[in-house]
Amino acid sequence: MESNSLAHIGKIDIEAFRKDLLDWFTAEQRQLPWREDSDPYKVWVSEIMLQQTRVDTVIPYFLHFINKFPTIEALASADEEEVLKAWEGLGYYSRARNLQSAVKEVRDTYGGIVPSEPVDIAKLKGVGPYTAGAILSIAYGRPEPAVDGNVMRVLSRILLIWDDIAKPSSRKIFEAAVRELISHDNPSYFNQALMELGALICTPTSPKCLLCPVREHCAAFHQGEQDTLPVKTKKKSVKRLQMGAVVLKTDNGNYLIHKRPSKGLLANLWEFPNVELDSFGSHRKQLEEFLRLEYNVEAKIDNGLLTKIEHVFSHLVWNIDVFTGSVKDISMISEELRAVEEEELVQFAFPVSHQKIWKSYKESCLKD
DNA sequence: AACACGTGGTT
DNA sequence: TAACCAAGTGT
């Protein structure tokens, strides 16, 4: 990390590198909804959505979200339920809650103007070093580094940096590199160009070096190391949990749904009642016991599985056995449970696995 | 520092 | 198909 991580930076013709990179971006950049103007709020929303998420996935969510919450004021005054519903299916739901929290902070503390000072913007919830640099450079033209996975991959190759990019401590090496390389005439294009190059040309596998506008500046290309960089250690394998879930119909035709806790996995999203199962005894009995003890609900679980659903997260996998069942008396229903009509379900934000549960349930109803 | 935190596309 | 990947942040 040390001083020799950036040994190759002195060998680059920085002026020529900037020009080649910016000329390429000017000619080849994709037309994306968040590139139509540099409204700091829209830049902000796009950057949060793009965290760990593909451009093609984000586009429809961004269009809908900006249409529904066009301004900081609109988002700040919205119900959290509405915001989560607009985020449904995007994943990493704390992004949505942190974004709304930070937007309220901007309304209340900064007069509704996204702060343009690094120390201020970095305080906002959900705005880390990358997002701060992205907003500052793209919306305000400040020469701040915006180092994401693309930038680390691209610069590890151009500058032949062998540090492990999976280590948090490596990011500052790349920030130091960007501070030396960045165009002060157009920091916005420079940062976006580095990311666009990573997305379109300098890809994780099979980089398209023969199409690369800066290959003559690239140490890895000259040394034939483009396929060995970046160095990135592997993460450990995920844990598997056996879950049981149940679509529970009340005697007056409503369905029981549960709101998840405000912290942790899928926070504040709604779901069908579910619990981790052990391998001893009947899954039906375990579910009935869980419903009685946890929610004070006396339920009859039907014989036979409705379906099995696999829900893959970054760090774990749920194998969900899905049942159907009925409840007679919900007078003593617990707080986090709601009995809602079928038509009302669309108002609630569900994780993808529970959307699949409902879809499967509706398909099974058609057969009767 | 290491791990939690979603989802869908690719290899 | 299991593993990996994609414009990271919070704790």
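**Entry 1. DNA strand C**

I began with Tyr130, where a backbone N or O atom lies 3.3 Å from a phosphate oxygen of DNA strand C. I counted a polar contact as a pair of N or O atoms within 3.5 Å; within protein, one must be able to donate a hydrogen and the other to accept it, and residues adjacent in sequence count only if both atoms are side-chain atoms. I noted that the model is predicted, that local features need pLDDT of at least 70 and side-chain atom pairs pLDDT 80 or more, and that totals for chains, interfaces and linings use all residues. Residues are numbered from 1 along each chain as its sequence is written, chains are lettered from A and ligands numbered from 1 in the order in which they are written, and side-chain values use heavy atoms, with hydrogens and water left out.

I then looked up Gly128, which has a backbone N or O atom 2.9 Å from a phosphate oxygen of DNA strand C. For Arg54 I found an N or O atom of the side chain 3.4 Å from a base oxygen of DNA strand C. Helices here are DSSP runs of H or I with at least four residues, strands are runs of E with at least two, and both are numbered from the N terminus.

Of the atoms of DNA strand C within 4 Å of the protein, 65% belong to sugar or phosphate and the rest to bases. By class, the residues of this surface are 9 nonpolar, 8 polar and 8 charged. Ala, Val, Leu, Ile, Met, Phe, Trp, Tyr, Cys and Pro count as nonpolar, Asp, Glu, Lys and Arg as charged, and the others, Gly among them, as polar.

**Entry 2. DNA strand B**

I found 21 residues around DNA strand B, the closest being Arg54, Tyr93, Leu266, His311 and Ser314. Sugar or phosphate accounts for 58% of the atoms of DNA strand B within 4 Å of the protein, and bases for the rest. The side chain of His311 has an N or O atom 2.2 Å from a phosphate oxygen of DNA strand B. The side chain of Ser314 places an N or O atom 2.3 Å from a base nitrogen of DNA strand B. At Tyr92, a backbone N or O atom lies 2.8 Å from a sugar or linking oxygen of DNA strand B. The residues of this surface divide into 10 nonpolar, 9 polar and 2 charged.

I also checked the backbone of Leu266 and recorded a phi near 50°, a positive value in a residue other than glycine. Leu266 lies in the loop between β2 (255-259) and β3 (270-271).

**Entry 3. Annotated region and helix packing**

The unreviewed UniProt entry carries the annotation "domain: HhH-GPD" over residues 49-200. Over residues 49-200 I recorded 62% helix and 0% strand, with the end C-alpha atoms 19 Å apart.

How do α9 and α11 (residues 187-200) cross? Their axes come within 8 Å and cross at roughly 80°, which makes α9 roughly perpendicular to α11. Axes are lines fitted to C-alpha atoms, for helices over the stretch in contact, and angles run from 0 to 180 degrees between N-to-C directions; 65 to 115 degrees counts as roughly perpendicular. Asn150, Val151, Arg153, Val154 and Leu155 of α9 meet Leu194, Met195, Leu197, Gly198 and Ala199 of α11, where contact means heavy atoms within 4.5 Å. These residues comprise 7 nonpolar, 2 polar and 1 charged.

The axes of α9 and α10 (residues 171-181) come within 10 Å and cross at roughly 70°, and the two helices are therefore roughly perpendicular. Val151, Met152, Leu155 and Ser156 of α9 make the contact with Arg171, Phe174, Ala177, Val178 and Leu181 of α10.

**Entry 4. A cis peptide bond**

I recorded a cis peptide bond between Leu229 and Pro230, with omega about 0°. Pro230 lies in the loop between α12 (219-223) and β1 (239-250).

Key: Near = heavy atom within 4 Å. UniProt positions renumbered as here; feature names shortened; annotations may be inferred. Parallel < 35°, antiparallel > 145°, perpendicular 65-115°, else oblique.
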